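Keep the viewer open as you read.

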Amino acid sequence: MGKTELISLYKAFVDCLCVCISKDSSKAGGDDERNAENGHLVYSRGDVLQERYEILSTLGEGTFGKVVRCSDHDRGGHHVALKIIKNLDKYREAAKLEINVLEKIIEKDPHKEHHCVQMLGWFDYFGHMCISFELLSLSTFDFLKNNSFIPYPLNQIRHMAHQICHAVSFLHDNQLTHTDLKPENILFVNSEYSVVYNPEKKCNEKRVNNTTVRLVDFGSATFDHEHHSVVISTRHYRAPEVILELGWSHPCDVWSIGCILFEYYAGFTLFQTHDNKEHLAMMERVHGPLPQRMIRKCRKQKFFHRGQLEWNECSVAGRYVKKKCKPLQNYLSAQSSEHHQFFNLLEEMLQYEPWKRISLSSALSHPFFSAVSQPQRSRGWRDSCDLSR
């Protein structure tokens with residue numbers, strides 16, 4: 001064997017030895033091999049956690065971790081959703097806070113009457129906090145997206161809105177603010193649908209058969225006595241008092257619900273922006289000038305000049321806002337009484353000043369929900385949520 005061949009064999013031996021050492025080091029790391037670089041649990045279909053939860057598929061992924069569909073062997077193979085939190089300190093601590101909230105919900109709502117998702121159990125799996133839930137279906141956002149953003153019919157919005165208001169009112173009654181209400185966090189129990197022809201749009205559209213929903217994701221929920229972060233809520237559903245850093249409480253959830261219901265009605269987001277000043281300009285375009293009381297008290301004086309929002313309507317951003325937004329009543333798609341009642345409810349929910357904003361207990365008695373409070377009409381109203389209008 002020549003010198004060249006010997007050198008090649010030696011290099012191959014060294015490379016092989018390095019690979020073996022690398023594999024041994026990985027095994028020696030123990031739990032590390034269970035984690036991807038970004039903190040996610042590494043798993044495959046068929047893996048069984050805690051000798052109980054057999055992973056069937058991935059349902060979704062977020063900054064917190066992933067949600068997987070599992071067969072729960074301790075429940076006779078019943079399918080559940082398992083939320084697997086990243087093995088990172090900040091997410092693990094947040095998960096513990098969420099579990100605390102979910103346990104409070106179970107304590108206060110043992111018969112599942114308040115439309116909040118139910119936690120079935122939780123455990124720590126090699127540093128990954130795992131929470132099991134009842135298995136739900138598509139979010140109201142995903143259904144809207146899959147339906148080409150065709151708005152929900154008003155009677156379906158009424159049923160969904162009543163449940164959302166009921167769920168969040170229940171939280172408020174128990175000294176909790178959700179702080180992250182959005183269509184993605186409202187899930188259908190069953191998102192099966194029928195295809196119907198829409199004569200106005202001259203196209204087929206999907207119509208969900210059952211508008212029963214559950215409120216989910218309590219990872220940011222805050223008790224009244226706990227520290228209140230300065231910034232909360234996903235941008236498009238963020239209340240003005242949060243943007244202006246005036247402090248917040250239960251009414252910020254009411255503002256978010258108003259934005260959500262508008263989105264169901266119109267098929268698009270009311271405040272499509274990622275900038276604070278532009279967001280305020282959009283609010284003024286939809287609702288009129290911000291109250292002087294809020295401007296004087298806010299910590300964001302850089303947004304204002306002589307008590308007015310410093311905003312150039314002729315700029316590129318100004319033209320964008322003018323194109324995207326118009327006064328709220330201009331979005332009415334029909335002139336019937338129920339449409340006007342709905343927009344009256346939106347106006348009550350989207351009051352600038354938190355103390356003027358309608359409470360959810362009062363919202364549930366609003367004329368828009370009158371069909372719910374009249375027993376002789378209630379059943380027919382619920383049945384009509386399937387395909388009518």
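Start with the open sheet: six strands run in the order E1-E2-E3-E4-E6-E5, with antiparallel pairing. Strands here, labelled E, are DSSP runs of at least two residues, and helices (H or I) are runs of at least four, both numbered from the N terminus. Two strands count as paired if DSSP finds at least two bridges between them. In general, strands of a sheet pair through backbone hydrogen bonds, in a parallel or an antiparallel way. Strand E1 (48-49) and strand E5 (119-125) sit at the edges with a single partner strand each, so one side of each has no neighbour in the sheet. Further in, strand E2 (residues 53-62) pairs with strand E3 (residues 65-72) in the antiparallel sense over eight bridges.

A quick word on ground rules. This is a predicted model, so local features need pLDDT of at least 70 and side-chain atom pairs count only at pLDDT 80 or more, while totals for chains, interfaces and linings use all residues. Residues are numbered from 1 along each chain as its sequence is written, and side-chain values use heavy atoms, leaving out hydrogens and water.

Now for the charges. The structure holds 16 salt bridges, a salt bridge being a side-chain nitrogen of Lys or Arg within 4 Å of a carboxyl oxygen of Asp or Glu. One of them joins Asp72 to Arg75, with the closest N and O atoms 3.3 Å apart. How exposed are the two partners? Asp72 counts as buried at 1% relative accessibility, whereas Arg75 is partly exposed at 40%. (Buried means under 20% relative accessible area, exposed over 50%, and partly exposed in between, with a 1.4 Å probe and protein chains only.) Both residues belong to a salt-bridge network that links Arg52, Asp72, Asp74 and Arg75.

Two other pairs are worth a look. Arg207 and Glu205 meet at 3.0 Å, N to O, and Arg207 and Glu205 are both buried. Arg299 pairs with Glu245, their closest N and O atoms being 3.8 Å apart. That pair links distant parts of the chain, 54 residues apart: Arg299 is in the loop between helix H8 (292-297) and strand E13 (304-305), and Glu245 is in the loop between helix H5 (240-243) and helix H6 (251-266). Arg299 is exposed at 62% relative accessibility, and Glu245 is partly exposed at 22%.

A cavity is a set of points on a 1 Å grid over the protein atoms alone where a 1.4 Å probe fits but cannot get out, and its lining residues have an atom within 4 Å of a point. Points are joined across faces, edges and corners, and the volume is the space filled by probe spheres set on them.

The largest cavity has about 40 Å³ of space. Its lining includes His115, Gln163 and Arg214, and the elements giving two or more residues are helix H4 (154-173) and strand E11 (213-215). The second largest cavity has a volume of about 30 Å³, and Lys104, Phe170 and Asn174 are among its lining residues. Here helix H2 (89-108) and H4 each give two or more residues, with H2 giving the most, three.

Key. On a 1 Å grid over the protein atoms alone, a cavity is a set of points where a 1.4 Å probe fits but cannot get out, and a pocket is an open set with protein on both sides within 12 Å along at least five of seven lines; lining residues have an atom within 4 Å of a point.
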